[in-house]
Amino acid sequence: MLRRSFVLGCAAAAALAVLVQAAAPSAVLAADRFITVASTTSTEDSGLFGSLLPKFTAKTGIEVRVVAKGTGQAIDLAKRGDADVLFVHHKPSEDKFVAEGFATVRKPVMYNDFVIVGPSSDPAGVKGSKDVAQSLSKIAEAKAPFVSRGDDSGTHKAELSLWKTANLDPAKTDAKGEWYRSIGQGMGPTLNTAAAMNGYALTDRGTWLNFKNRGPLTVLVEGDKRLFNQYGVMLVNPAKFPHVKAADGQAFVDWLVSGEGQKAIADYTINGEQLFFPNASDPGA
């Protein structure tokens with residue numbers, strides 16, 4: 001009887017092993033179902049992805065692995081075929097990405113705005129201004145420290161464009177290295193440097209609201225329509241890069257612009273303040 005029980009036990013164990021082995025490949029496949037999204041640092045630093053991505057994964061079973069870089073670097077990554085989806089915030093660069101065949105369509109997702117932050121002492125006297133060009137002119141005239149990301153990000157591109165509206169280009173003058181500091185880093189380090197220097201900086205509002213080490217910094221300039229900050233998303237073209245996970249990447253794009261995804265974006269707040277405003281329904285955005 002003991003021997004019979006032993007034989008039956010061995011048979012049951014063997015059958016269980018067969019079942020585990022049969023199930024293992026599907027489990028591995030499920031664990032490996034992911035897409036890579038090349039995105040701007042603001043979607044990461046603001047905490048937005050931390051809020052959105054678990055909801056998408058819970059709905060679809062698709063994990064999203066984010067490579068957060070400045071917009072220029074994120075675009076370069078996608079141009080090499082090293083991402084399935086591109087999610088950034090510089091419309092001219094996004095349109096060029098599509099025109100060059102790296103994506104077939106760009107979809108608007110959301111917007112917020114840029115602000116100029118600086119020390120509460122405000123040596124350039126720009127507090128309360130809604131004219132960003134005039135404010136930058138005053139900062140340059142006062143030679144007050146201004147910290148630039150200098151990293152070809154969407155924020156850096158916007159900053160350079162705003163200096164042009166003031167008919168100034170401190171990045172190409174003797175000011176560089178004196179009062180204008182281009183540090184070649186992300187938004188967090190840029191704000192840390194501005195806080196340490198009692199300096200000014202341009203930042204997206206989302207990152208600012210999630211930024212903890214503010215020191216003497218406060219929002220001084222906001223509300224100019226030229227500070228508008230639009231985000232767009234694109235599936236990297238699988239015709240150009242056959243390894244792109246087209247179905248799962250498109251599922252993420254579609255979710256972001258769906259009613260569910262747009263609500264998830266609108267619902268993300270910090271201390272009751274909304275960071276991003278969905279506008280996928282605006283075809284011109």
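**Close-up views of a predicted model**

**View 1. Helix H7 and its buried residues.** In helix H7 of this predicted model, the buried residues are Gly 154, Thr 155, His 156, Ala 158, Glu 159, Leu 162 and Trp 163. The helix runs over residues 154–165, and its 12 residues reach 17 Å from the first C-alpha to the last, which is close to the 16 Å expected at 1.5 Å a residue. Just after H7 comes Asn 167, which takes a positive phi of about 60°.

View 2. His 156, a residue of helix H7, counts as buried because its relative accessibility is 12%, and buried means under 20%. When neighbours within four places in sequence are left aside, the residues in contact with His 156 are Ser 148, Arg 149, Gly 150 and Asp 151.

View 3. The loop between S5 and H7 holds Asp 152, which has a positive phi of about 60° although it is not a glycine. With a relative accessible area of 36%, Asp 152 is partly exposed, whereas His 156 in the view above is buried. Most residues other than glycine have a negative phi.

**View 4. Lys 143 between helix H6 and strand S5.** Another loop, the one between helix H6 (132–142) and strand S5 (146–148), contains Lys 143. Phi of Lys 143 is near 50°, which is a positive value in a residue other than glycine.

**View 5. Helix H4 and the elements around its buried residues.** Within helix H4, which covers residues 71–79, the buried residues are Thr 71, Gly 72, Ala 74, Ile 75, Leu 77 and Ala 78. Just after H4, Gly 81 takes a positive phi of about 80°.

**View 6. The packing of helix H10 with helix H11.** Helix H10, formed by residues 246–257, packs with helix H11, formed by residues 259–267, at an angle of about 65°, and the axes of the two helices are 4 Å apart. On the H10 side the contact is made by Trp 255, Leu 256 and Val 257, while H11 contributes Gly 259, Glu 260, Gly 261, Gln 262, Ala 264 and Ile 265.

How values were computed. Residues numbered from 1 in each chain as written. Predicted model: local features only at pLDDT ≥ 70, side-chain atom pairs only at ≥ 80, totals over all residues. Heavy atoms only, no water. Axes fitted to C-alpha atoms, helices over the stretch in contact; angles between N-to-C directions. Contact = heavy atoms within 4.5 Å. Expected span 1.5 Å × (residues − 1). Buried < 20%, exposed > 50% of the residue type's maximum accessible area, 1.4 Å probe, protein only.
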